[in-house]
Amino acid sequence: MKNAINWDQLILGMKKTTKEFIENVLENIIESIVVTNLDGYLVFFNKYSEEMFEFKAREVLNRHIVILGVKTPDVLHHIRRDETFNGEITLKTKSGRTFPAHVRCVPLRDDRDRPIAMVGLARDLTKEKEKQRIDDEMKRLKAELFQSEKMSLIGTLAGEVAHEINNPLGGLIISVQMLLEDIEKGELDLKMALEELRGIENDARRCRNITRKLLDFSRRMPEERKSLDLTRVIEDALILVQRQAEIENISFVKRYVENLPPVWGNSNTLQQVIINLVKNACDVMPRGGQIAISTRIPKVDQQESWIRISIADTGPGIPHDLVDRLFDPFFTTKEGGKGTGLGLAVSKRIVEEQGGRLTCENLEKQTGAVFHILLPVSKAHKAGEHQ
């Protein structure tokens, strides 16, 4: 092969150009690179180090590395033991500003493989730390917003739940009083008493179930996601709103697909979305109407598997000029004081954070609107299908 360079020639060339290599490559790397002897005195300080530490090379060469703020841990101790140091330490600029940095220090060895110097690389973490702080704060504020909107929703539900359990509790009191009277008169019919007690037990269980669902929903739950039975999630949400809706002359039609694969999401926040959409549907039908809740497996694309929940009402529908603004924060079509304007915006964010989509449209063959919640099928379920 013409113009081939063998290893001996290559190594000889590298020896001749070592100084040029350092000047042209290490000097221009966009990362701080320093070299010290084993006592910690600086012998090399590249251009990016000058920018990071605000020192000129001539100001720090032959001075101890402590001038750069390196006090702990004892990095040189690792180098003398022929060990690499890799970690985060605090460094200092010429003006006295301290900053966090990720540092990697390696021993430079002689021809007998003994450490004779230290090569240190440092990356300023100030911007990364600030970004992380902002991200953490945004997560905290988002969680507060979600919880605040949930508590607003619970405030609306509280009166409805109180009404829901008040009637059976009233029946329980009457039944118990009648049993007590029969016992006092010695006219207790055991067969009838057993029937009454079973009725009391059923009503008490129903009250307990409703209050437990409300308490579970109100708690600040971790945002962990897992495989969920979507039909169960929907039914748990409806326990808190369906009875009151029916009192307001709103009927429910449920069309659930049997044996749905599990979806991937968070049960508590998905219930929040469903309750919010059902409550909104009730609000647009003050004279009564119908809410249809259905599930299906749509053919969205060939690569992903989805489940869709549709919540449709028989209200007046959404004005065409407002459809695009419906999910905007603080936008509401309700009268003043009735709603925060955050319900749909928060619901959309919740669904999207769980890998799904929330959309709405007007019904084509009748008046009313329908909201679609599209959620991904559980990863574990999809993995099992491909095994």
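## A tour by selection

Start with D82, which lies in the loop between α5 (75–80) and β3 (85–92). This is a predicted model, with residues numbered from 1 along the chain as its sequence is written. Check the backbone of D82: phi is near 65°, a positive value in a residue other than glycine. Its relative accessibility is 31%, so D82 counts as partly exposed, between the 20% and 50% limits.

D82, R109 and D113 are linked in a network of salt bridges.

How many salt bridges are there by this rule? The count comes to twelve.

Two of them are in helix α11 (residues 343–353). Select K348 and E352. Their side chains meet in a salt bridge, 2.5 Å from N to O. Because K348 and E352 are four residues apart in the helix, about one helical turn separates them. K348 is partly exposed at 25% relative accessibility, and E352 is partly exposed at 40%.

Next, select R349 and E353. This salt bridge spans 3.1 Å, N to O. R349 has a relative accessible area of 43% and is partly exposed. E353, at 22%, also counts as partly exposed.

E54 counts as partly exposed, at 38% relative accessibility.

Switch to a surface view. Select V176, L180, I183, L188 and L190. They form a nonpolar patch on the surface, with about 460 Å² of accessible area together. Which helix gives the most to the nonpolar patch? Helix α6 (residues 126–185) does, with three residues. V176 is found in α6 and is partly exposed, with a relative accessible area of 37%.

Last stop: show helix α8 (residues 230–238) with helix α10 (residues 267–283). They pack at an angle of about 55°, with their axes 9 Å apart. That angle falls between the 35 and 65 degree limits, so α8 and α10 are oblique to each other. The crossing of α8 and α10 is right-handed.

Terms used. Predicted model: local features only at pLDDT ≥ 70, side-chain atom pairs only at ≥ 80, totals over all residues. Heavy atoms only, no water. Patch = residues over 30% accessible without salt bridge, like charges linked within 9 Å, V, L, I, M, F, W, Y side chains within 5 Å. Areas by Shrake-Rupley, 256 points an atom, 1.4 Å probe, with all protein chains shown as cover. Salt bridge = Lys/Arg side-chain N within 4 Å of Asp/Glu carboxyl O. Helix = DSSP H or I, 4+ residues; strand = E, 2+ residues; numbered from the N terminus. Buried < 20%, exposed > 50% of the residue type's maximum accessible area, 1.4 Å probe, protein only. Axes fitted to C-alpha atoms, helices over the stretch in contact; angles between N-to-C directions. Parallel < 35°, antiparallel > 145°, perpendicular 65-115°, else oblique. Left-handed = near helix turned anticlockwise from the far one by under 90°.
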